[in-house]
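This report describes one structure, beginning with a single residue and its surroundings. The sequence and the coordinates are shown below.

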Amino acid sequence: MSQATPAIRVNALRKRFRTTQALDGVALDIQPGEFFGLLGPNGAGKTTLISILAGLTRADSGQAAVMGHDVVRDYRQARRALGVVPQELVYDPFFNVRETLRIQSGYFGLRHNDGWIDEIMHHLDLTPHADKNTQSLSGGMKRRLLVAQALVHKPPVIVLDEPTAGVDVDLRRSLWEFISGLNREGHTILLTTHYLEEAEALCGRIAMLKGGRVVACDTTRNLLQLTNEHCAQLRLDAEVVPAAWQGRLHHDADGSWRVNFSDYAELETLLADLRGAGVRVLEMQLQEPDLEDVFTDIMKRT
Amino acid sequence: MNPPPQTPLRGASPLRGKKRLGRPGAFLVSGLSTLFYKEMLRFWKVVVQTVVAPVVTALLYLLIFSHVLEAHVEVYPGVSYTSFLVPGLVMMSMLQNAFSNSSSSLIQSKMQGNIVFVLLPPLSYLEFFLAYLGAAMIRGLVVGLGVWGVTLWFAPWQMPHLGWLLAYALLACAKMGAVGLVAGIWAEKYDQLAAFQNFLILPLTFLSGVFYSIHSLPPFWQAISHANPVFYLIDGFRYAFVGQSDTDPWLGLLVAGACFVAISALTLVLLRSGYKLRH
């Protein structure tokens, strides 16, 4: 891993809301250029962590820094380095799309930024809606506007807090293409999502939070290897299986048989036993373990 | 892994596009001036509600009260009731609208969630305060000018003390803009802000001598009126117009200035702590 200043560094971060310990000593380093996933069930502390990074929430103790800038002591530089796409679909109904982006740009002291605003609008398909009041935009367009607002000051670190919640397939796909493009250019992406297949496909590294603690943090590849439980679905030309497999092969309602195994050698033995018993395999499907299996397993164990 | 960009997103290939817009406004030069501009634009976009309506309301007050009392009441020697009433109405309108601007903007942003657009950028709490305060003052002054403008048809032009007028107008708008900020920060729903407005701001402005001189009140109520900080603003502002007042305008300026400093200090403490804004 690179020894450069981490894009995001969080150390011993704690935050309590009345009776709830939202964060309980969270520590994370996210390197520049990473596409990093932050997963966890509702109430795990994901949004609290993002809010602390963005300066919307103040930690009780611990440190958080963006591109080496402490989010409290050096908040101006930290916020310049960070673009946040909030979870809620918020907008200011007084302004149109172009005004919204110009104003957001002005907050960062960027006076001559119309060229960049045009580019963002173009690539997020907002140009035809530039002069429309934000209130009249569809949900998908409002989501795009939030992404544009987060990018208007060209931040090296982009935080997306469940950006595809309630978003249709087309927008989700185009959004991920766009964000992946930014990541390829070297931008650090921190993503929280409940769509685990998205995290698995996009994130190079993933941290899992539960009860305000990091319960797992590793590359996506390593996490997927944490569980070696494969599954095979078979259609057989017989209704009875060899006695040795009767406890392990489960007969599903559609007539197929299902078996979980951790080693492919077991599958080889099963196929040999079936051949020995004169049972023919008509069809077989293998299912690899996915992030959802890993996530469920880790959440159960911790 | 790609190396981190030295100049983030500059020339990023997914985002090429060459169409340029007209030059942005001169206000977008800093966070402070942009927030000030945004707040001005916000109230100007609904100018009928934020400027025209209060001017019409003040005009109705003038028509009704001056019609009923003009022939019967002379508060100060040689000053008609209409001439007495106009400065009070101008000041009352300025106070209420300066308060409304900062308080309604904040509560709307909080309720709609778009306050994050102001909290995410690198704005200091002092910049936040100055921008909201500045816009509230502008709206108060614009409404005040409007009310004064329409009442010129009903009361003769008089301007003995321009310095006093400016001092009181600016101080009053600043003070109520700051009070509006406190209310907007404190309130968590429209109902709470309405209570603040109806049970504090409205009584303080109506019972401050806009429609009468406190010398016409019994001693007890005179003493109560002296405890009302808004009374000094109305009284001093009226002095600027008619050259007569219930108290020394210097005393009024002192009280108003002290109130402004105290409320501003409270607002800055709240903003610095992130009270009800940054959890």
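Beyond its neighbours within four places in sequence, A:Val66 is in contact with A:Ile8, A:Leu53, A:Val71, A:Ala78, A:Ala81, A:Leu82 and A:Val157; contact means that the C-beta atoms, placed from the backbone, lie within 7 Å. The model is a predicted one, in which local features need pLDDT of at least 70, side-chain atom pairs count only at pLDDT 80 or more, and totals for chains, interfaces and linings use all residues. Residues are numbered from 1 along each chain as its sequence is written, while chains are lettered from A and ligands numbered from 1 in the order in which they are written.

A:Val66 is also one of the residues that touch the most other members of the largest nonpolar core, which has 152 residues; the others are A:Leu53, A:Ala148, A:Val159, B:Leu95, B:Ala172 and B:Leu233. A nonpolar core is a set of buried Ala, Val, Leu, Ile, Met, Phe, Trp, Tyr and Cys residues joined through C-beta atoms within 7 Å. A residue is buried if 20 or more other C-beta atoms lie within 10 Å of its own, exposed if 12 or fewer, and partly exposed in between, with C-beta atoms placed from the backbone. Helix H6 (residues 162-186) of chain B gives the most to this core, with 15 residues. Another core, of eight residues, lies apart from it and includes A:Ala232, A:Trp257, A:Leu270 and A:Leu274.

## The four-stranded sheet of chain A

Four strands of chain A form an open sheet in the order E2-E1-E4-E5, with antiparallel pairing. Strands (E, at least two residues) and helices (H or I, at least four) are DSSP runs numbered from the N terminus, and two strands pair if DSSP finds at least two bridges between them. Strand E2 (20-30) and strand E5 (69-70) of chain A are the edge strands, each pairing on one side only.

Strand E1 (residues 8-17) of chain A is joined to E2(A) by eight bridges and to E4(A) by five. On the E2(A) side, A:Arg9 stands opposite A:Asp29 and A:Arg16 opposite A:Gln21. On the E4(A) side, A:Val10 stands opposite A:Ala64. E1(A) and E2(A) form a hairpin with two residues between them, and A:Arg18 in the turn has a positive phi of about 50°.

The loop between E4 and E5 of chain A holds A:Met67, which has a positive phi of about 50° although it is not a glycine. A:Met67 counts as buried, with 23 C-beta neighbours inside 10 Å.

## Helices of chain A

Nine of the nine residues of H1(A) are buried, so this helix is largely enclosed by the rest of the structure. Among them are A:Lys46, A:Thr47 and A:Leu53. Just after H1(A), A:Gly55 takes a positive phi of about 85°.

In helix H10 (residues 291-301) of chain A, A:Leu291, A:Val294 and A:Phe295 are buried. Seen down the axis of H10(A), its buried residues fall within an arc of 100°, so they line one face of the helix; the arc is that of the directions from the helix axis to the C-beta atoms. A:Thr296, A:Lys300 and A:Arg301 are exposed on the other side of H10(A). The cover over the buried residues of H10(A) includes strand E3 (35-39), helix H7 (196-202), strand E9 (205-210) and helix H8 (220-224) of chain A.

## Two further residues of chain A

A:Trp116 is found in helix H4 (residues 114-123) of chain A and is buried, with 20 other C-beta atoms within 10 Å. A:Trp116 and A:Val152 are 36 residues apart in sequence and 7.4 Å apart in space, C-alpha to C-alpha.

A:Glu162 lies in the loop between strand E7 (157-161) and helix H6 (169-184) of chain A. A:Glu162 has a positive phi of about 45° although it is not a glycine, and counts as partly exposed with 19 C-beta neighbours inside 10 Å.

## Domains and chain B

Chain A is divided into domain 1 (8-224) and domain 2 (230-289), with bounds from an automatic or database domain assignment. Taken over C-alpha atoms, the centres of these domains of chain A are separated by 45 Å.

Chain B has 10 helices and zero strands. Buried residues make up 47% of its 279 residues. Among contacts in chain B between residues at least 6 apart in sequence, 81% join residues at least 24 apart.

Note on methods:
Contact = placed C-beta atoms within 7 Å.
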